[in-house]
Amino acid sequence: LVKIKTHVVVLMLMVLKLMDFLPRLGVITHTLGLAAPDLIHFFTIFMMVFTGFAFIGHVIFGFGSVYFSTFEESFHTLFKNLLGDVEYFVVDLVELPGLTYIVAMIYFYSFNIFVFMILFNFLLAIIWDAFGEVKANAAESVSVVTELVPSAGAQGGHGQRNARSED
């Protein structure tokens, strides 16, 4: 089963690579290729910040929350938060006593503002900048439709001529 999944992923990457023959079809691969150095730096910083928040969550809330009981669980909980699942906050953290509740509120909102809103917008800006440059270069090229319409018309014409010549 793992072998089949690997083959499907490799096949998808090959299809993306094959689409590079026309600049307008290769926009995705060219965009990711152009943005790759900036994305590597971004994900290095992102993982440092994300890991820091996971460690802080484990140290502060690990004693009272099953969602932060281990470092791995803390990491997983914060990743689910990025996907929109805030069950840990609604179920566990709001029920913490006294000062820990205030710390939980600060932790939850600082994570969502800094990681989700600010860093996510940096990621979008990196990709959008590379996409704009690739799109500007691809705008000067011939589109797929422009190339396929004459060849489709020529084949259609041959088919009609052959059918007429047989009559």
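Contact is taken here to mean heavy atoms within 4.5 Å. The structure is a predicted model, in which local features need pLDDT of at least 70 and side-chain atom pairs count only at pLDDT 80 or more, whereas totals for chains, interfaces and linings use all residues. Residues are numbered from 1 along each chain as its sequence is written, and side-chain values use heavy atoms, with hydrogens and water left out.

Among contacts in the protein between residues at least 6 apart in sequence, 64% join residues at least 24 apart. The protein has 6 helices and 0 strands, assigned as DSSP runs numbered from the N terminus (helices, H or I, at least four residues; strands, E, at least two), and the order along the sequence is α-α-α-α-α-α. Of the 167 residues in the protein, 26% are buried, where buried means under 20% relative accessible area, exposed over 50%, and partly exposed in between (1.4 Å probe, protein chains only).

A nonpolar core is defined as a set of buried Ala, Val, Leu, Ile, Met, Phe, Trp, Tyr and Cys residues joined through side-chain atoms within 4.5 Å. The largest such core has 25 residues, and those with the most contacts inside it are Phe-53, Phe-61, Phe-68, Leu-78, Tyr-88, Leu-93 and Val-115. At least two residues of this core come from each of helix H2 (27–61), helix H4 (87–91) and helix H5 (98–138). When neighbours within four places in sequence are left aside, Val-115 is in contact with Phe-46, Val-49, Phe-50, Phe-53, Leu-82, Ser-110 and Phe-120. Leu-82, which is found in helix H3, lies 33 residues from Val-115 in sequence and 8.4 Å from it in space, C-alpha to C-alpha. With neighbours within four places again set aside, the contacts of Leu-82 are with Phe-46, Phe-50, Phe-111, Val-115 and Phe-116.

Open space was examined on a 1 Å grid over the protein atoms alone, a pocket being an open set of points where a 1.4 Å probe fits, with protein on both sides within 12 Å along at least five of seven lines, and lining residues having an atom within 4 Å of a point. The largest pocket holds about 220 Å³ of space. Its lining comprises 14 residues, of which Phe-46, Phe-79, Leu-82, Val-115 and Phe-120 lie nearest its centre, and H2, helix H3 (71–82) and H5 each contribute at least two residues to this lining. The lining divides into 14 nonpolar, no polar and no charged residues.

For a salt bridge, defined as a side-chain nitrogen of Lys or Arg within 4 Å of a carboxyl oxygen of Asp or Glu, the count comes to 1. This salt bridge joins the side chains of Lys-80 and Asp-85 at 3.8 Å, N to O. Lys-80 counts as partly exposed because its relative accessibility is 23%, and Asp-85 likewise counts as partly exposed, at 29%.

Terms used. Grid points are joined across faces, edges and corners, and a volume is the space filled by probe spheres set on the points. Ala, Val, Leu, Ile, Met, Phe, Trp, Tyr, Cys and Pro count as nonpolar, Asp, Glu, Lys and Arg as charged, and the others, Gly among them, as polar.
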